Amino acid sequence: MSKYVLVTGGAGYIGSHTVVALVENGYTPIILDDFRNANRIVLEGLTKILGFLPEIIEVDVCDDKALRAIFQKYSFEGIIHFAAYKAVGESVQTPLKYYQNNLSGLINILNKMLEFGVKNLVFSSSCTVYGEPKKIKEVSEDSPKNLPSSPYGYTKWIGEQIMEDTFLAHPELCLINLRYFNPVGAHKSSFIGEFPLGKPSNLLPFVTQTAVGKQDFLTVFGNDYPTRDGTCIRDYIHVMDLAEAHVKALAFLEDHKKGCLEAVNIGTGKGTSVLEIISCFEEVSKCKLNWSFGPKREGDVVEIFANCDKASNLLGWKSKLSINDAVIDAWKWELFLSEK
Ligand code: UD1
């Protein structure tokens, strides 16, 4: 019998890689995506990797009627909810767009779960809920949450609150907030990867686009942070490792007969600075990157990386791929795109 999993935002960056991992683990993903932030190249890529194209329903996750029709058609084992806006800078310019879309999408999903008796939900949260860690830069799930620095961050923060309050009222639900650190890389086949619309705001796509000449140069935001080389430190996690974490999270929820609510960090446990990313890229690509220091970016966290013990103990998940693997795969993907 097919195990249907609804993957909202399943044509996006993390969503599409998770679709691959789901199929490889015996699930039948049903992709819900209206392609407002995804590129149709992903359809070709998924078909090449999987040998078939999973079902795609082109619908806005906020569309109540359309979502109900999908829940009427399928009996879902679980839902992985990715569909949301994610550009920090844009969220500062258009906060209402972010609050409206990201929060009403989640509420719509939770309402349909209650209406149709679907129990299991994995929510895309973010390490942004920790804000700037005060003293200890390695954060675990019980580290204090700090107020985020952007409306995007607040949508994740409030999203987790919505999950908590819904669980209190409906303790039969099985809910998990996966707190992603910094997803990077691409599928090893180079058939799917990250496809930033317009100018990328994240570091690695900016690096690879600079190297192929789509961007003139990379600005490193700030050089006098209190870190080992003066640049910010993040925990970069390969997107395929992250995709696997969703499969493990789903399996955990399925095994959980009673209701549960968990928050789990998904990172590598290792911090890497911006300059270390640049030298890793130059080493693996053998390209000299055109970059220079510029002013700090407002709202940037200085240093954060994950404590991943809970992911290992609760989900049996650990990252397997290195930052080198991620940079190689991101580079191969950029070269693949530039040949298209
Ligand atoms: C941001 C969000 C995070 C979100 C992620 C989505 C915050 C504080 N962070 O992460 O919640 O999940 O985007 O992908 O809300 N950098 C440069 N030059 C560039 C681009 C980036 O120097 O052109 C530096 C940044 O200053 C930072 C590092 O690279 O130190 C990583 O930046 P980025 O990829 O944008 O990720 P975050 O800011 O960590």
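This is a predicted model: local features need pLDDT of at least 70, side-chain atom pairs count only at pLDDT 80 or more; totals for chains, interfaces and linings use all residues.
Close-up 1. Ser 190 is placed in the loop that runs between strand β8 (182-184) and helix α7 (203-211), and its phi angle is near 65°, a positive value in a residue other than glycine. Phe 35 likewise has a phi near 65°, which is again positive in a residue that is not glycine, and belongs to the loop between β2 (28-32) and α2 (41-50). With a relative accessibility of 8%, Phe 35 counts as buried.

**Close-up 2. Surroundings of the ligand.** The shell around the ligand comprises 18 residues, of which Leu 203, Thr 219, Arg 234, Arg 297 and Asp 300 are the closest. Strand β9 (residues 218-221) makes the greatest contribution to this shell, supplying four residues. The ligand taken alone exposes 750 Å², and 92% of that is buried by the protein.

**Close-up 3. Thr 8 in strand β1.** Thr 8 belongs to strand β1, which covers residues 4-8, and the residue counts as buried because its relative accessibility is 0%. The side chain of Thr 8 makes a polar contact of 2.7 Å with the side chain of His 81, while a polar atom of the Thr 8 side chain also lies 3.0 Å from the backbone nitrogen of Phe 82. When neighbours within four places in sequence are left aside, the residues in contact with Thr 8 are Leu 32, Val 61, Ile 80, His 81, Phe 82, Ala 83 and Ile 109.

**Close-up 4. Tyr 130 and the residues around it.** Tyr 130 is located in the loop that links β5 (120-126) and β6 (138-139), and with a relative accessible area of 1% Tyr 130 is buried. Residues up to four places away in sequence being excluded, Tyr 130 touches Val 139, Ser 140, Glu 141, Ser 143, Pro 144, Lys 145, Asn 146, Arg 179, Phe 181, Asn 265 and Ile 304. Between Tyr 130 and Pro 148 the separation is 18 residues in sequence and 7.3 Å in space, taken from C-alpha to C-alpha.

**Close-up 5. Aromatic rings, with the pair Trp 333 and Phe 336.** The structure contains ten aromatic pairs. In one of them, the ring centres of Trp 333 and Phe 336 are 5.7 Å apart and the ring planes stand at 20°, so this pair is classed as stacked, the angle being under the 30 degrees that the class requires. Both Trp 333 and Phe 336 lie in helix α11 (residues 323-339), where a spacing of three residues corresponds to about one turn of the helix. Trp 333, at 4% relative accessibility, counts as buried, and Phe 336, at 18%, counts as buried too. Elsewhere, a single aromatic cluster is formed by Tyr 4, Phe 71, Tyr 74, Phe 76 and Phe 116.

**Close-up 6. Lysines over aromatic faces.** Lys 296 is positioned over the face of Tyr 225, at 4.6 Å from the centre of the ring. Lys 145 is positioned over the face of Trp 157, at 5.6 Å from the ring centre; Lys 145 is also one of the residues touched by Tyr 130.

**Close-up 7. Lys 340 in the segment after α11.** Lys 340 is found in the segment that follows helix α11, and the residue counts as exposed because its relative accessibility is 51%, where exposed means over 50%. Apart from residues up to four places away in sequence, Lys 340 touches Ile 41 and Glu 44. Lys 340 and Tyr 98 are separated by 242 residues in sequence and by 32 Å in space, from C-alpha to C-alpha.

Methods. Residues are numbered from 1 along each chain as its sequence is written. Side-chain values use heavy atoms; hydrogens and water are left out. Helices (H or I, at least four residues) and strands (E, at least two) are DSSP runs, numbered from the N terminus. Buried means under 20% relative accessible area, exposed over 50%, partly exposed in between (1.4 Å probe, protein chains only). A polar contact is a pair of N or O atoms within 3.5 Å; within protein, one must be able to donate a hydrogen and the other to accept it, and residues adjacent in sequence count only if both atoms are side-chain atoms. Contact means heavy atoms within 4.5 Å. Rings of Phe, Tyr and Trp (its six-membered ring) pair if their centres lie within 6.5 Å; planes under 30 degrees apart count as stacked, over 60 as edge-to-face and the rest as tilted. A charge sits over a ring if NZ of Lys or CZ of Arg is within 6 Å of the ring centre and within 35 degrees of the ring normal. A residue is near a molecule or strand if one of its heavy atoms lies within 4 Å of it. Accessible areas come from the Shrake-Rupley method with a 1.4 Å probe; for residues, only the protein chains shown count as cover.
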